[in-house]
Amino acid sequence: MSARGLFISIEGGEGAGKSTVMAALSEALVARGHEVVLTREPGGTPEGEAIRALLLDPGNHLLPETELLLMFASRAQLVRQCVLPALARGAAVLTDRFTDASFAYQGGGRGLDMARIAELERWAAGIKPDLTFLLDVGVAEGLARARSRGGEPDRIERERGDFFERVRATYLLRAAAEPDRFRLIDAGQPADDVRRSVLAALAGWIEASR
Ligand SMILES: Nc1ncnc2c1ncn2[C@@H]1O[C@H](COP(=O)(O)OP(=O)(O)OP(=O)(O)O)[C@@H](O)[C@H]1O
Ligand SMILES: [Mg+2]
């Protein structure tokens, strides 16, 4: 095995603070001397961004199966074109969402079979993050934050409250099932406290994985 970088995902519902936390994590990793690659899902490659536009356009009526397969199409492209090459040269890759989001949104939210999603994870994604931050916040609070940013809600943001409750519950179950990989962060705290919690968890994880 050649030297391998770090693969970190940031998960959570709408408006949980993922983008805010990404910036803080990126700064901390750069300060530690890492090359940092930032990406997001769906998207992250030109082809993935085109798939993202399809997925988020409120004018599209996508079946749950179509939605799931498009998420994994974007992911297959991202892993091979961006994530694996960056990890191979030793970079730290930070992604705003990864496969856990498919389990939470298409599995929990849409009700698709989790075993099918796990099968796609094995062959279309092929890798799992080394470390995953789950930013957990109440659904109403997260949606209010996302909406306070303005702009039209995208196709998925237009879902009902109970959809997002299932998403949140599924994320929490996954975090409980894989405590070594997940760091659960109370994202209902003020932004400064969230950032401090995330950076402390990162430092602890790096220390423990030496
Ligand atoms: N802990 C916090 N408390 C209050 N407001 C916050 C907190 N964290 C972020 N915000 C604000 O809430 C909004 C959403 O945050 P951010 O964009 O980081 O969330 P996100 O998870 O990336 O959202 P999305 O799912 O829409 O991409 C922003 O306006 C941000 O400044
Ligand atoms: Mg964001």
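Predicted model: local features only at pLDDT ≥ 70, side-chain atom pairs only at ≥ 80, totals over all residues.
Residues are numbered from 1 along each chain as its sequence is written, chains are lettered from A and ligands numbered from 1 in the order in which they are written, and side-chain values use heavy atoms, with hydrogens and water left out.

Q: What makes a space a pocket, and what is the volume of the largest pocket?
A: On a 1 Å grid over the protein atoms alone, a pocket is an open set of points with protein on both sides within 12 Å along at least five of seven lines. The largest pocket has a volume of about 720 Å³.

Q: Why is ligand 1 said to sit in the largest pocket?
A: A molecule sits in a pocket if more than half of its atoms lie within 2 Å of the pocket's grid points. The space taken by ligand 1 is the largest pocket, so ligand 1 is said to sit there.

Q: What makes a residue near ligand 1, and how many surround ligand 1?
A: A residue is near a molecule if one of its heavy atoms lies within 4 Å of it. Around ligand 1 there are 16 residues, the closest being K18, S19, T20, R149 and Q189.

Q: Why is the pair formed by R149 and ligand 1 called a polar contact?
A: A polar contact is a pair of N or O atoms within 3.5 Å. A polar side-chain atom of R149 lies 2.7 Å from an oxygen atom of ligand 1, and therefore the pair is a polar contact. An oxygen atom of ligand 1 also lies 2.9 Å from a polar backbone atom of G17.

Q: What makes a space a cavity, and how many of 30 Å³ or more are counted?
A: A cavity is a set of points where a 1.4 Å probe fits but cannot get out. The count comes to one cavity of 30 Å³ or more. About 150 Å³ of space lies in the largest cavity, and its lining has 17 residues, with G13, E14, V137, V139 and R168 nearest the centre.

Definitions and conventions: 1 Å grid on protein atoms, 1.4 Å probe; cavity = no way out; pocket = protein on both sides within 12 Å on 5 of 7 lines; lining within 4 Å. Points joined across faces, edges and corners; volume = space filled by probe spheres on them. Polar contact = N/O pair within 3.5 Å; in protein donor to acceptor, adjacent residues only side chain to side chain.
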